[in-house]
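Take a look at the model below.

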Amino acid sequence: MTEHSHLSDMELRVRSLESLLTDKGLVDPAALDAIVDTYENKVGPRNGARVVARAWVDGDYKQWLLRDATAAINSLGYVSTQGADIVVLENTDAVHNLTVCTLCSCYPWAVLGLPPAWYKSFPYRARAVKDPRGVLAEFGQILDDDVEVRVWDSTAEVRYLVLPQRPAGTDGLNEDELAGLVTRNSMIGTERLAGD
Ligand code: FE
């Protein structure tokens, strides 16, 4: 069974469980939303941010990450339970990488946590491939014409993590401070960091 069919089955089970527990007064939907928000925006993406910051300060680590991201990420303790390999995509002055799952919502949970609702939405999945510059513009990112946009379609077997460029003017920052600059969306590819 592929993860695609697996996921929708799982989502159905989760939704029916949630409504059952809510009906019985056992859970507060607002509290569940707060937990999901935490994993979408805070806990999960911080792992990816630490991977990015390490690559920015350690050239050997960066080369390892680009060559074998699964192993390099595992070495920091962020181990995927999804059985999928992670591939890291390096942004440069000439190339911007954007990730999507056109079929459903495949996403590198070990480094980014839960996918945001828009990542799972049909408009994003449909348009990221057909009109990536238009999608980026809606995220407030206007890329120069000479920047090539590469779109990567995630699968059950391979998940992607974007390595943004280290922002200019950050020479004096340590690894923790650098990690604080890395946003979730910059690792999905819908944002370029200042100077990226
Ligand atoms: Fe998927």
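**A walk through the model**

Start at Gly113. Setting aside neighbours within four places in sequence, Gly113 is in contact with Tyr39, Gly44, Pro45, Tyr107 and Pro108. Contact here means heavy atoms within 4.5 Å. Gly113 sits in the loop between helix H5 (109–112) and helix H6 (117–120). Helices (H or I, at least four residues) and strands (E, at least two) are DSSP runs, numbered from the N terminus. Is Gly113 buried or exposed? Gly113 counts as buried because its relative accessible area is 10%. The cut-offs are these: buried means under 20% relative accessible area, exposed over 50%, and partly exposed in between (1.4 Å probe, protein chains only). Now find Val36. Gly113 and Val36 are 77 residues apart in sequence, but 9.6 Å apart in space, C-alpha to C-alpha.

A word on what you are viewing. This is a predicted model, in which local features need pLDDT of at least 70 and side-chain atom pairs count only at pLDDT 80 or more, while totals for chains, interfaces and linings use all residues. Residues are numbered from 1 along each chain as its sequence is written, and side-chain values use heavy atoms, with hydrogens and water left out. The term pLDDT is the predictor's confidence in each residue, from 0 to 100. The protein chain averages 89, and 93% of the residues score at least 70. Where is confidence lowest? That is helix H1 (residues 3–23), with a mean of 70. Confidence is highest in helix H3 (residues 59–67), at 98.

Next comes the iron ion. Its protein donors are Cys101 (SG), Cys104 (SG), Cys106 (N) and Cys106 (SG), lying 2.1 to 2.7 Å from the ion. Donors are N, O and S atoms within 2.8 Å of the metal (3.2 Å for Na, K and Ca); water is not among the atoms, so sites may look incomplete. Along the chain, the donors follow the spacing C-x2-C-x1-C. The angles among the four donor atoms run from 77 to 122°, and the site is irregular. Four donors count as tetrahedral if all angles lie between 85 and 135 degrees; four count as square planar and six as octahedral if opposite donors are over 155 degrees apart and all others between 65 and 115; anything else is irregular. Cys101 is buried because its relative accessible area is 0%. Cys104 also counts as buried, because its value is 13%. A disulfide is a pair of cysteine sulfur atoms within 2.5 Å. By this rule, the count is zero.

Now look inside. A nonpolar core is a set of buried Ala, Val, Leu, Ile, Met, Phe, Trp, Tyr and Cys residues joined through side-chain atoms within 4.5 Å. The largest one has 38 residues, and Val51, Leu65, Ile73, Tyr124 and Leu161 have the most contacts inside it. Helix H2 (residues 29–57) gives the most to this core, with six residues. Beyond residues up to four places away in sequence, Tyr124 touches several others, including Leu98, Trp118, Phe139 and Ile188.

Trp152 lies in strand E3 (residues 148–153). Trp152 counts as partly exposed because its relative accessibility is 26%. Arg159 is in strand E4 (residues 158–163). Arg159 is buried, because its relative accessible area is 1%.
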